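Trainee: I have a model open and would like to walk through it with you. Could we go from the overall fold down to single side chains?

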Amino acid sequence: MRPALTDSPYGYGLHHVQLAIPAGSEDECRAFYVGVLEMVEVAKPPVLAARGGLWVRADTLEIHLGVEADFRPAAKAHPGILTTGLDRLATRLTAAGSPITWDDAFPGHRRFYTHDPVGNRLEFLQPHPTETPHHT
């Protein structure tokens, strides 16, 4: 069992998650992250915009999609994204043609996986109302 979370002397917090995308896939990713997931595009600073890619944000989550020359989606690595509307999101993704895979192997949470248009794995999870969630 994991000990309770405590404050560190460094004040850690998560600013953003970086995912790689292939060059030229910004419009396809924009359609998914902004159109389907209903996130908002964030303007990149000019020096970073010149590199391509896309930044999106919703609530306290920010995702930076950066162009990688030799892009290959990671087979295992993924962000675990908390949501309060898991079922609504599952319905929206399915309606948009994005397959989801439910997984009940994480005690205290309901969750599913999907992939963005370039193959990045995304996990969406919501604490189960009848169980005490734990952190790994």
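Trainee: In what order do the elements of the chain run from the N terminus on?
Mentor: Happy to start there, with a predicted model in which local features need pLDDT of at least 70, side-chain atom pairs count only at pLDDT 80 or more, and totals for chains, interfaces and linings use all residues. Residues are numbered from 1 along each chain as its sequence is written, and side-chain values use heavy atoms, with hydrogens and water left out. The chain has three helices and eight strands, taken as DSSP runs numbered from the N terminus (helices H or I, at least four residues; strands E, at least two). Their order is β-α-β-α-β-β-β-α-β-β-β.

Trainee: What share of the 136 residues in the chain is buried?
Mentor: Buried means under 20% relative accessible area, exposed over 50%, and partly exposed in between (1.4 Å probe, protein chains only). The C-alpha atoms fill a box of roughly 45 × 45 × 25 Å along the principal axes. Of the 136 residues, the buried share is 36%.

Trainee: Which residues have the most contacts inside the largest nonpolar core?
Mentor: A nonpolar core is a set of buried Ala, Val, Leu, Ile, Met, Phe, Trp, Tyr and Cys residues joined through side-chain atoms within 4.5 Å. The largest one has 24 residues, and the ones with the most contacts inside it are Tyr 33, Leu 37, Ile 63, Leu 65, Leu 93 and Phe 124. Two or more residues each come from strand E1 (17-21), H1, E3, E4, H3 and E8.

Trainee: Which residues is Ile 63 in contact with, leaving aside neighbours within four places in sequence?
Mentor: Contact means heavy atoms within 4.5 Å. With those neighbours set aside, the partners of Ile 63 are Val 17, Leu 19, Tyr 33, Met 39, Leu 54, Trp 55, Val 56 and Ile 81.

Trainee: On to charges: how many salt bridges does the count come to?
Mentor: Side chains of opposite charge can pair when their charged atoms come close. The rule here asks for a side-chain nitrogen of Lys or Arg within 4 Å of a carboxyl oxygen of Asp or Glu. By that rule the count is eight.

Trainee: Which residues are linked with Asp 27 in a network of salt bridges?
Mentor: Begin with Arg 30, whose closest N and O atoms with Asp 27 are 2.6 Å apart in a salt bridge. Both residues lie in helix H1 (residues 26-36), three residues apart, about one turn of the helix. Asp 27 counts as exposed because its relative accessibility is 59%, while Arg 30, at 26%, counts as partly exposed. The residues linked with Asp 27 in the network are Arg 30 and Glu 41.

Trainee: Are Glu 123 and Arg 111 buried or exposed?
Mentor: Their side chains meet in a salt bridge, 2.9 Å from N to O. Glu 123 lies in strand E8 (residues 121-127) and Arg 111 in strand E7 (residues 109-115), so the pair ties together parts 12 residues apart in sequence. As for accessibility, both are buried.

Trainee: How far from Lys 44 is the nearest side chain of opposite charge?
Mentor: Lys 44 sits in the loop between E2 and helix H2 (46-49). For charge, Lys and Arg count as positive and Asp and Glu as negative; His and the chain ends are not counted. Lys 44 is buried yet has no salt bridge, and the nearest side chain of opposite charge, Glu 26, is at 7.1 Å.

Trainee: Which backbone oxygen lies 2.5 Å from a polar atom of the Lys 44 side chain?
Mentor: The Lys 44 side chain also reaches the backbone oxygen of Leu 48 at 3.3 Å. The backbone oxygen at 2.5 Å is that of Gly 52.

Trainee: What is the phi of Asp 59?
Mentor: Most residues other than glycine have a negative phi. Glu 38, in the loop between H1 and strand E2 (40-42), has a positive phi near 60°. Asp 59 lies in the loop between strand E3 (54-58) and strand E4 (61-67), and is exposed, with a relative accessible area of 80%. Its phi is also positive, at about 55°.

How values were computed:
Polar contact = N/O pair within 3.5 Å; in protein donor to acceptor, adjacent residues only side chain to side chain.
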